[in-house]
Amino acid sequence: MTATINKTVYLINMQGNVVHTRNMPYDRQHRSTRTLDVSAMNKQFEGQCQCGEVKYRVTGIPVTIFACHCTECQRQSSSAFGMALWIRHGTVELFSGTLQKWVRRTPSGNTMECSFCPTCGTRLFHKVLERSEMMSIKPGTLNDTRWLKPAGHIWTKSAQPWICFDSNLLQYEGNPDTFSELMAAWKH
Ligand SMILES: [Zn+2]
Ligand SMILES: [Zn+2]
């Protein structure tokens, strides 16, 4: 499968990952029978933990950003809420350091694997093992955080009372039944 963007051809495998990028000859470009939505393209995200020992790059398809006000995220972030940048078919490369993992049960009975720096403890990634095509980056660890705007807020019933929600954004009292609205609403 190929997609053409500004004359550059991206070869994409069945999992949606870009496997090769090059300028292809004219005739081969026109053999393409299917054009991919540009928003479904792989992107790269680089970041690091607080002490700098773990430096990473995640390659994958970003699908949404939201803020979570559940008590687990409040405690994990040691702050008022947590944020999640969801990546479909993400692959993690470490430039330095190692990841330590800790596993917890979610309220829906799934298993969440949490990756963090073993030296400074900064949480970097979450993955629900039953939803293995999706991973979550704790996006405050990215090198560039200026573009992080959530599509909505979940677990608003345990939000701190001083939080002012933007009425233009999606809001859920607890866990949404489906995250498709948060994915559809996210602009990036
Ligand atoms: Zn660290
Ligand atoms: Zn949460």
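Q: How many helices and strands does the chain have?

A: Helices (H or I, at least four residues) and strands (E, at least two) are DSSP runs, numbered from the N terminus. Here the chain has three helices and twelve strands. The model is predicted: local features need pLDDT of at least 70 and side-chain atom pairs count only at pLDDT 80 or more, whereas totals for chains, interfaces and linings use all residues. Residues are numbered from 1 along each chain as its sequence is written, and chains are lettered from A and ligands numbered from 1 in the order in which they are written.

Q: Which residues touch the most other members of the largest nonpolar core?

A: In soluble globular proteins, nonpolar side chains tend to be buried together. A nonpolar core is a set of buried Ala, Val, Leu, Ile, Met, Phe, Trp, Tyr and Cys residues joined through C-beta atoms within 7 Å. Buried denotes 20 or more other C-beta atoms within 10 Å of a residue's own, with C-beta atoms placed from the backbone. In this model the largest such core has 30 residues, and Phe66, Cys68 and Ile87 touch the most other members. β5 (55-68) gives the most, eight residues.

Q: How do β5 and β6 pair?

A: Strands pair if DSSP finds at least two bridges between them. β5 and β6 are antiparallel over twelve bridges, with Cys68 opposite Gly82 in β6. β6 also joins β10 in the antiparallel sense, through four bridges; there Leu85 stands opposite Ile137.

Notes:
A residue is buried if 20 or more other C-beta atoms lie within 10 Å of its own, exposed if 12 or fewer, and partly exposed in between; C-beta atoms are placed from the backbone.
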